[in-house]
Amino acid sequence: MSATGRSAWVALMAVVIGDPAALDASACPSCGYRRLDVLFVGDGATRIGWATLWCGDCLRGIRFSRVCAPRDLPFLTFEVAAVRSLPEIIEVR
Ligand SMILES: [Zn+2]
């Protein structure tokens with residue numbers, strides 16, 4: 001796997017958590033398109049759960065578990081997420 005693989009996505013997630021504006025400013029590590037999106041799903045009180053970062057163009061992305069959702073990025077509680085249709089992504093390995 002090249003540098004455009006999973007490690008590039010992991011690095012991108014760290015950037016987005018530190019600076020939510022990077023979501024719109026960054027290119028997809030897999031296809032280069034700028035259509036990245038992120039969603040956190042977790043406990044309503046602790047905001048701990050999992051996260052998905054994906055590209056709306058090629059639908060590739062990655063999932064993280066046991067992360068704490070930042071205040072300024074999209075977040076759904078487990079209860080709300082259970083009744084929503086969540087993005088179907090192709091997980092980058
Ligand atoms: Zn892409």
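L59 sits in the loop between β2 and β3, and that is a handy place to start a tour of this predicted model. Helices (H or I, at least four residues) and strands (E, at least two) are DSSP runs, numbered from the N terminus. Local features here need pLDDT of at least 70, side-chain atom pairs count only at pLDDT 80 or more, and totals for chains, interfaces and linings use all residues. Residues are numbered from 1 along each chain as its sequence is written.

**The chain as a whole**

- The secondary structure comes to three helices and five strands, and from the N terminus on the elements run α-α-β-β-β-β-α-β.
- Along its principal axes, the C-alpha trace spans about 40 × 25 × 20 Å.
- Two residues are in contact if their C-beta atoms, placed from the backbone, lie within 7 Å. Of the contacts with a separation of 6 or more, 52% are between residues 24 or more positions apart.
- A residue is called buried if 20 or more other C-beta atoms lie within 10 Å of its own, exposed if 12 or fewer, and partly exposed in between, with C-beta atoms placed from the backbone. Buried residues make up 23% of the 93 residues.

**The sheet and its edges**

- Five strands form an open sheet with mixed pairing, in the order β4-β1-β2-β3-β5. Two strands pair if DSSP finds at least two bridges between them.
- β4 (75-77) and β5 (90-91) stand at the edges with a single partner strand each, so one side of each is left without a neighbour in the sheet.
- Helix α1 (residues 6-18) packs on this sheet and touches β1, β2 (48-55) and β3 (60-68). The direction of α1 makes about 50° with that of β3; axes are lines fitted to C-alpha atoms, for helices over the stretch in contact, and angles run from 0 to 180 degrees between N-to-C directions.

**How the strands pair**

- β1 (residues 36-42) and β4 pair in the parallel sense over three bridges, and the bridge partner of V41 in β4 is L76.
- β1 and β2 pair in the antiparallel sense over seven bridges. Along this pairing, G42 has G49 as its bridge partner in β2, and F40 stands opposite A51.
- β1 and β2 form a hairpin with five residues between them, and R47 in the turn has a positive phi of about 60°.
- β2 and β3 run antiparallel and are joined by seven bridges; here W50 has S65 as its bridge partner in β3.
- The β2 and β3 hairpin has four residues between its strands.

**The nonpolar core**

- A nonpolar core is a set of buried Ala, Val, Leu, Ile, Met, Phe, Trp, Tyr and Cys residues joined through C-beta atoms within 7 Å.
- The largest one has 17 residues, and those with the most contacts inside it are W9, V16, V38, L39, F40, A51 and L53.
- α1, β1 and β2 each supply at least two residues of this core, while β1 gives the largest share, five residues.
- β1 is mostly covered, with six of its seven residues buried.
- L39 is in contact with A51, T52, P74 and L76, leaving aside neighbours within four places in sequence.

**A closer look at V41**

- V41 belongs to strand β1 and is buried, with 23 other C-beta atoms within 10 Å.
- Leaving aside neighbours within four places in sequence, V41 is in contact with G49, W50, L76, F78 and A81.
- V41 and R71 are 30 residues apart along the chain, and their C-alpha atoms are separated by 12 Å.

- L59 has a positive phi of about 65° although it is not a glycine. L59 is partly exposed, with 15 other C-beta atoms within 10 Å.
- R66 is in strand β3, and its phi is also positive, near 55°. With 9 C-beta neighbours inside 10 Å, R66 counts as exposed.
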